[in-house]
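Please look through the sequence and the structure below before reading on. The paragraphs that follow lead from backbone geometry to the packing of side chains.

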Amino acid sequence: MDQPPDSPDQTTLAWDMGTAYELFVSLQVLHEPEFYELRPSWAAGIRYRIPAIERTFLEEVVPFLTLPLGWIYRLPRPKDARSVFHALREIEPAQRGILLLDLQQGLRPESGRLLEIARRRSWDRDDLAFLEPLLCKEEPVKNEQALIKYLERWAHPGNFGEMLLQSLQAFYQAFFEKEEQRVEAVLQAGLEHARQLSTRMNVSELITELSQGFRSTEELGRELIIVPDFWMTPLIVLEKISPDQKLFLFGARPVTMSTIPGDPVPDGLLRMLKALADPTRLRILRYLYKEELGPTELSRRLDLRGPTIIHHLRELRLAGLVILTLRGQERRYRARLEALDAANEDLKGFIANIAEDKDLIRR
């Protein structure tokens, strides 16, 4: 039987890289640090380097902005932060938000409503009721009052566009200018590693490997664009950017490297040890070693509430200890024990390096 045109084996791979992606990803992570398990006090300190007017704008807007992956992909090289600023200056302020988010392509359910609000320069309770379930997720910063502040900004597209560029430049000056230099080499190494893996893996296997345990049964389309990321590691984004293209943003930061510049203990290693230190998570891993299960089944077997199970599964996923398979809206999990071998080597390597550092100091 012939394979459908958008089966994994018929998907063409493309590659992209640029610190422009990191500009927006780091901005999102720093405004939702709890969701990404980043130290909140450190993230707050970075945000407070930004002048007050721009800081307030970003705090009210960033949680509701989707990553502009399609817009960045279409930027000319070198696709760095300066490329972003140059491209935004070339756009009329009232169109900046609309074009940045690719709203005119209509690829997301909220696109049409946001376009309508920008057109009439106002929003109402019907707009709020429509957008709240789409834009207010489980993160605590995304609630009705926060969404109202965002809509007040969005309903004035000219001011929104002016403040968007001004605030991104302020963030760049306060933090990202130095950060851009730190992450570029990591992104390049991640891209080369992904290319090498693609020579011996099919597309589905490649996604699972690069994501540290994510599988999806959804159609990938005719072209999959693979892009390395630093700040969102180990989470991933798989998003349609055109009718025939999807972009896969994967975590390329090594487990031995910390998200926070200068932090001596890598957070990936801490995340793994934290996940294994909990008795409930160890019990979950024992079940998932034997068979693939969903949250409801685990809830019954462990006699724990659903939200508790989901919390533990998220911690295991962040540590790379489970394979998550999405089948439509259904989530299935299985243990990924090969991660334990890698973690053991990483831990030994970290301790050995500390010991070597101490020997050097004594000498």
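Lys79 is placed in the loop between H4 and H5, where helices (H or I, at least four residues) and strands (E, at least two) are DSSP runs numbered from the N terminus. This is a predicted model, in which local features need pLDDT of at least 70 and side-chain atom pairs count only at pLDDT 80 or more, while totals for chains, interfaces and linings use all residues. Residues are numbered from 1 along each chain as its sequence is written, and side-chain values use heavy atoms, with hydrogens and water left out.

Lys79 is not a glycine, yet its phi is positive, near 55°. With a relative accessibility of 4%, Lys79 counts as buried, a class that means under 20% relative accessible area, whereas exposed means over 50% and partly exposed is in between (1.4 Å probe, protein chains only). The loop between helix H4 (69-73) and helix H5 (81-89) also holds Pro78, and the peptide bond that leads from Arg77 to Pro78 is cis, with omega near 20°. Both features deserve a second look, because most residues other than glycine have a negative phi and most peptide bonds are trans.

Arg121 likewise has a positive phi without being a glycine, here of about 60°, and its place is in the loop between helix H7 (111-120) and helix H8 (125-135). How accessible is Arg121? Its relative accessible area is 47%, so Arg121 is partly exposed. Another cis peptide bond, with omega about 5°, joins Thr233 and Pro234, and Pro234 is found in the loop between strand S3 (223-229) and strand S4 (237-242).

From the backbone we can turn to the rings. The structure holds 14 aromatic pairs, where rings of Phe, Tyr and Trp (its six-membered ring) pair if their centres lie within 6.5 Å, and planes under 30 degrees apart count as stacked, over 60 as edge-to-face and the rest as tilted. One of these pairs is formed by Trp42 and Trp231, which are stacked at 6.2 Å centre to centre with 20° between the planes. This pair links distant parts of the chain, since Trp42 belongs to helix H2 and Trp231 to the loop between S3 and S4, 189 residues apart. Trp42 counts as buried because its relative accessibility is 18%, and Trp231 is buried with a relative accessible area of 3%.

Trp231 also forms an edge-to-face pair with Phe175, at 5.8 Å centre to centre and 85° between the planes. Here too distant parts of the chain are linked, with Phe175 in helix H10 and Trp231 in the loop between S3 and S4, 56 residues apart. Phe175 is buried, at 7% relative accessibility. Ring pairs join Trp42, Phe171, Phe175, Phe176, Phe230 and Trp231 into a cluster.

Charged side chains also meet rings in this model. A charge sits over a ring if NZ of Lys or CZ of Arg is within 6 Å of the ring centre and within 35 degrees of the ring normal. Arg113 lies over the face of Phe130, 4.2 Å from the ring centre, and the charged end of Arg314 sits over the ring of Phe35, at 4.3 Å from its centre.
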